[in-house]
Amino acid sequence: MNFVVHPKALLDYDEILAHLEEVLMTAADRFEAGFKDALQKALNNPFHFHFANRSRLVRRANIKKFSRHFLYSVDESQSLIRVLAFKHDHQHPDYGFDRECS
């Protein structure tokens with residue numbers, strides 16, 4: 001299984017890292033490690049994480065020890081995971097769902 005990251009998700013990720021680096025550089029490093037761990041779980045088993053909404057097209061992977069998660073879709077025909085958004089647990093529930101799944 002491979003993965004791609006939506007351009008807006010890259011912006012989300014960069015904003016999170018910039019904020020964490022301002023607070024504490026090691027927090028940014030821990031966030032990156034947490035993301036890599038969650039992404040690896042998703043790559044090993046794309047259906048490991050629960051659905052993020054009722055449409056059952058998008059899944060939500062929590063990033064351990066952070067109030068953040070990422071949304072992703074699975075394209076089995078292309079053996080591909082698409083990371084759509086990174087978001088805080090308290091952001092608007094619809095944030096990131098308007099991004100293309102296909």
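Trainee: What should I know before reading any values?
Mentor: This is a predicted model, in which local features need pLDDT of at least 70 and side-chain atom pairs count only at pLDDT 80 or more, while totals for chains, interfaces and linings use all residues. Residues are numbered from 1 along each chain as its sequence is written, and side-chain values use heavy atoms, with hydrogens and water left out.

Trainee: In what order do the four strands of the open sheet come?
Mentor: The order is E1-E4-E3-E2, with mixed pairing. Strands here are DSSP runs of E with at least two residues, helices are runs of H or I with at least four, and both are numbered from the N terminus. Two strands pair if DSSP finds at least two bridges between them.

Trainee: Which ones are the edge strands?
Mentor: Strand E1 (2-5) and E2, each pairing on one side only. On average, neighbouring strands of this sheet are turned by 35 degrees against each other, direction ignored. Axes are lines fitted to C-alpha atoms, for helices over the stretch in contact, and angles run from 0 to 180 degrees between N-to-C directions.

Trainee: How many bridges join E3 to E4?
Mentor: Eight, and the two strands run antiparallel. Leu-71 stands opposite Ala-85 in E4.

Trainee: What does H1 touch when it packs on the sheet?
Mentor: H1 touches E1, E3 and E4, and its direction makes about 40 degrees with that of E4. Contact means heavy atoms within 4.5 Å.

Trainee: New topic. How many residues are in the largest nonpolar core?
Mentor: The largest nonpolar core has 22 residues, and Phe-31, Phe-70 and Phe-86 have the most contacts inside it. H2 gives the largest share, eight residues. Such a core is a set of buried Ala, Val, Leu, Ile, Met, Phe, Trp, Tyr and Cys residues joined through side-chain atoms within 4.5 Å. Buried means under 20% relative accessible area, exposed over 50%, and partly exposed in between (1.4 Å probe, protein chains only).

Trainee: What is Phe-86 in contact with, leaving aside neighbours within four places in sequence?
Mentor: Its contacts include Asp-12, Tyr-13, Phe-31, Phe-35 and Phe-70.

Trainee: How many salt bridges does the structure hold?
Mentor: Four, each being a side-chain nitrogen of Lys or Arg within 4 Å of a carboxyl oxygen of Asp or Glu. One of them joins Asp-12 and Arg-99 at 2.8 Å, N to O. Asp-12 is in helix H1 and Arg-99 in the segment after E4, so this pair ties together parts 87 residues apart in sequence.

Trainee: Are those two buried or exposed?
Mentor: Asp-12 is buried at 6% relative accessibility, and Arg-99 is buried at 8%. Asp-89 and Arg-60 also form a salt bridge, with the closest N and O atoms 3.1 Å apart. There, Asp-89 is partly exposed at 34%, and Arg-60 is partly exposed at 22%.

Trainee: And the rings, how many aromatic pairs are there?
Mentor: Nine. Rings of Phe, Tyr and Trp (its six-membered ring) pair if their centres lie within 6.5 Å; planes under 30 degrees apart count as stacked, over 60 as edge-to-face and the rest as tilted.

Trainee: Why is the pair Phe-31 and Phe-66 edge-to-face?
Mentor: Because the planes are at 85 degrees, with the ring centres 5.4 Å apart. Phe-31 is in helix H2 and Phe-66 in the loop between E2 and E3, 35 residues apart.
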